[in-house]
Amino acid sequence: MPDIEGSDPRGPQLLIGMPGTGSDADYVRRAFGPAADETGLTLVALEPTRRLVADHLRRLDELADEYGPPVVGGVSIGAAIALAWALRNPCRGVWAALPAWTGDPATAPAAWSATATARTLQTDGLEHTIAVMTATSPPWLAAELGRSWRALHPHLLDQLAEAASFHAPALDEIATLTAPIAVTIAVDDPVHPGQVGRDWATTAPRSSLTEVGLAEWGNDPSVLGFACARGWSAMRGSA
């Protein structure tokens, strides 16, 4: 359980963060941890399990039951899971970094990438899959995914397949969101199209939108957390 001793019971205490597909809690801590500290939140970074979506949702329920409505957030599919949960539960806000698709994942580049990676992993094994990824990725991404894929194996295959089939909230659902949502997009990231985040921010009743560059957050994951934190804090201040 998170250590929240000494935190202010009158305000939001927990930020529960979920990683993107093939990523892990270590990355969430680096992406959201510095901003959570600066904002006065206690970050709980969820580690992916074999039952990726169901176990994330279960842990969100458990932590909210124990500590009250949290701020929820994530990167890529983690952002979509956070948003889906926030649409159905009391929530202090959503930090949505690099949302990858809206609704059906069928044509989403991130879902296609997850499916292709799962296919190679099943056919050729972990190290070959990492070698293929490394040959076509920037050095920072190759190092990051090589680390996390090894850490998540042997459940990585199931996680990739489940992520690729996840139906994210549709725009008509996002229009009913009561919590403020802070969206951060990368303007030059082909796997996480910026228009997805723009649609989320345009549709949600209370939202902020921050644009960053791929190299900017690639070299410093905390850029994502600070961008979300600024947007969320501004909405709280104007409420």
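Helices here are DSSP runs of H or I with at least four residues, strands are E runs of at least two, and both are numbered from the N terminus. What you're looking at is a predicted model, where local features need pLDDT of at least 70, side-chain atom pairs count only at pLDDT 80 or more, and totals for chains, interfaces and linings use all residues. Residue numbers start from 1 along each chain as its sequence is written, and side-chain values use heavy atoms, with hydrogens and water left out.

Let's start with the aromatic rings. Rings of Phe, Tyr and Trp (its six-membered ring) pair if their centres lie within 6.5 Å; planes under 30 degrees apart count as stacked, over 60 as edge-to-face and the rest as tilted. There are three such pairs in the structure. In one of them, Phe32 and Trp95 have ring centres 5.6 Å apart and planes at 80 degrees, so they sit edge-to-face. Phe32 belongs to helix α1 (residues 25-39) and Trp95 to strand β4 (residues 93-97), so this pair ties together parts 63 residues apart in sequence. Phe32 is buried (under 20% relative accessible area, with over 50% being exposed and partly exposed in between, for a 1.4 Å probe and protein chains only), at 0%. Trp95 is buried too, with 0% as well.

Leaving aside residues up to four places away in sequence, Ser208 touches Ile181, Ala182, Val183, Ala201, Gly231, Trp232 and Met235, where contact means heavy atoms within 4.5 Å. Ser208 has a relative accessible area of 15%, so it counts as buried.
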